[in-house]
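User: I am new to reading protein models and would like to go through this one by question and answer. Could you begin with a single residue and then work outwards?

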Amino acid sequence: MRSGGLALLAVLLIAAMVTISWAPNRSLSSVSGRLPHIASLPSPNSVVPFGSASLGVNALDNLAAPIVGLAATPDGQGYWLVASDGGIFTFGDAGFFGSTGALTLNRPIVGLAATPDGLGYWLVASDGGIFTFGDAGFFGAEGGAQLAAPAVGMAATPTGNGYWLVFGSQQRPLAGKVVGIDPGHNGLNYTAPQVINQTVWNGQENEACDTTGTATDSGYSEAQFNFNVATYLQADLVAEGAHVVMTRYDNSGIGPCVTTRAAILNNAHADVAVDIHADGGPASGRGFTVLEPVADGPNSGVIAASDTFAALLRTTFLADTGMPLSNYDGIDGLQPRNDLAGLNLTTVPKVLIETGNMRNATDAALLVTPAFQQAAASAMAQAITTYLSGA
Ligand SMILES: [Zn+2]
């Protein structure tokens, strides 16, 4: 149980001071044409009055949980603040009628509403659960159900004999992000050697436009594997809100050239990208390798970001797929490469992953299964989400 009360009066600011220092941005910018000085930005866990509102609160210190809501008293001479742990802070003529601060909540508090006479209040949690205090009555709740959408706030009716709960939507972690996927090779490359054997300039040297890719001893093609993983990955990323751009959308075509693949993802301004492959290494060799770009001019701006992503991908892939680090390529699963167009020409953070060795019987047995392909995609999605959340 916590009540601010008189102990917190010390942090109250005079309304005029607050109003001046936190004038609305639009009036300042319309006069000066510039953003207001940084000192006028609100502090964490503070209250800023506008118009006829008074009683500001400067930063509340040492809170166990952030402030998430405010309700005013009937005469506007005070208010309650609620923190996400249900702690209540009273200001002005607001009375204290209890809090959930001493309880362990299943879900955070997201808002509150006051009763019409100011002698009670409701708290609402993100699962739609309602907590009543003082003369606040209970009129129903959604708490306990598995909600598709979180509660984000509430308001009381003027009589105090009811309330509205407001439900928002899940904030998807990759909303607004663009992710590039390059599934290496293509299913019909083997039919068109005159196309894929053309040489293209990869920024360092000539390279074949594309290759057929490798295959397992039983004939399962790398092109098919790459495309399957890419398709699972696309679904995972779209579910998280990302816009996904791929260099090919089926496994029944030829190409495009590796230079074109790089250009597609560059032109999409991908926030991060991955080239998906499986290796055709020595039959005795096992494991996966993440290939990283080497600075060469076009890609120099994305080396550090690519290295960060490479490290994340190595971690999630090792943890989630059962595929070991390569014992024949790279060092601890990482290998810089300056001979690949996809890495030389990239202007977006990118790595190429050799997800396993198709010429090794143990790796091949994993690679051909939908379970491994889904796990590989999931590991990539996790690394991408972590990378983009921290970027
Ligand atoms: Zn390949």
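User: Is aspartate 332 buried or exposed?
Analyst: This is a predicted model, in which local features need pLDDT of at least 70 and side-chain atom pairs count only at pLDDT 80 or more, while totals for chains, interfaces and linings use all residues. Residues are numbered from 1 along each chain as its sequence is written. A residue is called buried if 20 or more other C-beta atoms lie within 10 Å of its own, exposed if 12 or fewer, and partly exposed in between, with C-beta atoms placed from the backbone. Because aspartate 332 has 12 other C-beta atoms within 10 Å, aspartate 332 is exposed.

User: Where does aspartate 332 lie?
Analyst: Helices (H or I, at least four residues) and strands (E, at least two) are DSSP runs, numbered from the N terminus. Aspartate 332 has a phi near 55°, a positive value in a residue other than glycine. Its place is the loop between helix H6 (303–321) and strand E17 (334–337).

User: With which strand does E17 pair in the parallel sense?
Analyst: Two strands are said to pair if DSSP finds at least two bridges between them. Valine 290 has leucine 334 in E17 as its bridge partner. Four bridges in the parallel sense join E17 to strand E16 (residues 289–293).

User: Which strands stand at the edges of the open sheet?
Analyst: The sheet is formed by six strands in the order E14-E11-E15-E18-E16-E17, and the pairing is mixed. A strand at the edge has a single partner strand, so one side of it is left without a neighbour in the sheet, and this applies to E14 and E17.

User: How is histidine 243 classed by its C-beta neighbours?
Analyst: Histidine 243 belongs to strand E14 (residues 243–246). Because histidine 243 has 15 C-beta neighbours inside 10 Å, it counts as partly exposed.

User: At what angle do the axes of H6 and H9 cross?
Analyst: Axes are lines fitted to C-alpha atoms, for helices over the stretch in contact, and angles run from 0 to 180 degrees between N-to-C directions. Among the residues that meet are Phe309 and Leu313 in H6, and Ala376 and Tyr387 in H9. The axes of H6 and helix H9 (residues 370–390) come within 8 Å, and they cross at roughly 145°.

User: Which residue stands opposite methionine 154 in E10?
Analyst: Strand E9 (residues 151–156) and strand E10 (residues 163–167) pair in the antiparallel sense over five bridges. Their hairpin has six residues between the strands, and glycine 160 takes a positive phi near 80° there. The residue of E10 that stands opposite methionine 154 is leucine 165.

Terms used. Two residues are in contact if their C-beta atoms, placed from the backbone, lie within 7 Å.
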